[in-house]
Amino acid sequence: MKKAIIIGASSGLGKGLATILADNNYLVGITGRRTDLLNELRAERPNAYLTATMDVTDTSALVDKLNELTTQLGGLDLLVISSGTGDINDQLDFSIEKRTIDTNVLGFTCVADWAFNYFNQQQSGHLVAITSVGGLRGSRFAPAYSASKAYQINYLEGLRQKAARLPYPVYITDIRPGFVDTDMAKGDGLFWVASVDKAVRQIYDAIIQRHKCSYITKRWRLIGIIMKSLPRSIFDKL
């Protein structure tokens with residue numbers, strides 16, 4: 001039986017991924033800040049899940065908690081970083097920006113570094129992170145969110161370069177969703193909003209196929225190409 005940890009499994013994509021991994025014979029360590037939601041999920045399939053309450057912004061405690069959960073699982077083959085936050089912030093409320101940075105940059109980096117070092121020492125493993133199409137360009141609506149997702153995209157690319165130079169298989173997958181029907185989908189006029197089930201199936205396929213980068217849903221690759229190719233003079237006026 002393979003072993004996986006999902007960071008941020010109490011709701012949304014993380015919860016969906018926990019379910020599909022359990023359906024495919026994984027023993028899954030599910031983590032999140034809300035113990036009650038983790039316990040509700042574990043109660044559905046107590047033999048498939050182990051729970052660990054953790055807040056990725058508490059970086060001083062993360063490593064010990066990850067080590068403890070991995071020991072309880074009896075090893076680790078896959079780690080998915082699904083935790084993240086971001087809010088529309090037209091007024092540039094610094095408390096919102098700080099919360100986004102603490103979660104999407106500091107917490108993300110702590111978990112990603114731990115996972116890479118663990119898999120490097122083990123000489124195998126797969127690190128997956130949920131970034132965003134929103135990380136391809138800046139956003140006047142949510143500056144810290146788009147910037148933090150750009151950080152994640154580039155950090156994963158750096159880890160992928162490091163992994164490519166290893167003589168053993170360590171895989172890095174960047175999952176870039178567009179709009180998915182979760183609490184993270186904020187704002188008016190959203191389009192191409194995928195259901196959680198559809199998004200999770202495509203993410204699972206990308207994990208199994210060990211994609212380096214995958215847009216969710218697949219049509220968002222077109223939006224990504226358009227966003228990256230728009231001249232700055234046009235993009236600044238959007």
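**View A. Buried and exposed residues of helix α7 in the predicted model.** Helix α7 spans residues 220–229, and its buried residues are Trp220, Ile223, Gly224 and Met227. Viewed down the axis of α7, these buried residues fall within an arc of 105°, so they line one face of the helix. Ile225 and Ser229 are exposed and lie on the face of α7 turned away from its buried side.

**View B. Packing of helix α7 against strand β7.** The partner of the buried residues of α7 is β7, residues 213–216, against which they pack. Strand β7 in turn pairs with β6 in the parallel sense, through 4 bridges. Within this pairing, arginine 176 has tyrosine 215 of β7 as its bridge partner.

**View D. Pairing of strands β5 and β6.** Strand β5, residues 125–130, runs parallel to β6, and 6 bridges join the two. Histidine 126 is bridged to tyrosine 171, its partner in β6.

**View E. The β-α-β unit containing helix α5.** Helix α5, residues 143–164, forms a β-α-β unit together with β5 and β6. The unit is right-handed. Its two strands are the parallel pair joined by 6 bridges, and β6 also pairs with β7.

Notes. Residues numbered from 1 in each chain as written. Predicted model: local features only at pLDDT ≥ 70, side-chain atom pairs only at ≥ 80, totals over all residues. Heavy atoms only, no water. Buried < 20%, exposed > 50% of the residue type's maximum accessible area, 1.4 Å probe, protein only. Arc of directions from axis to C-beta. Contact = heavy atoms within 4.5 Å. Pairing = 2+ DSSP bridges. Right-handed = clockwise from strand over helix to strand, strands pointing away.
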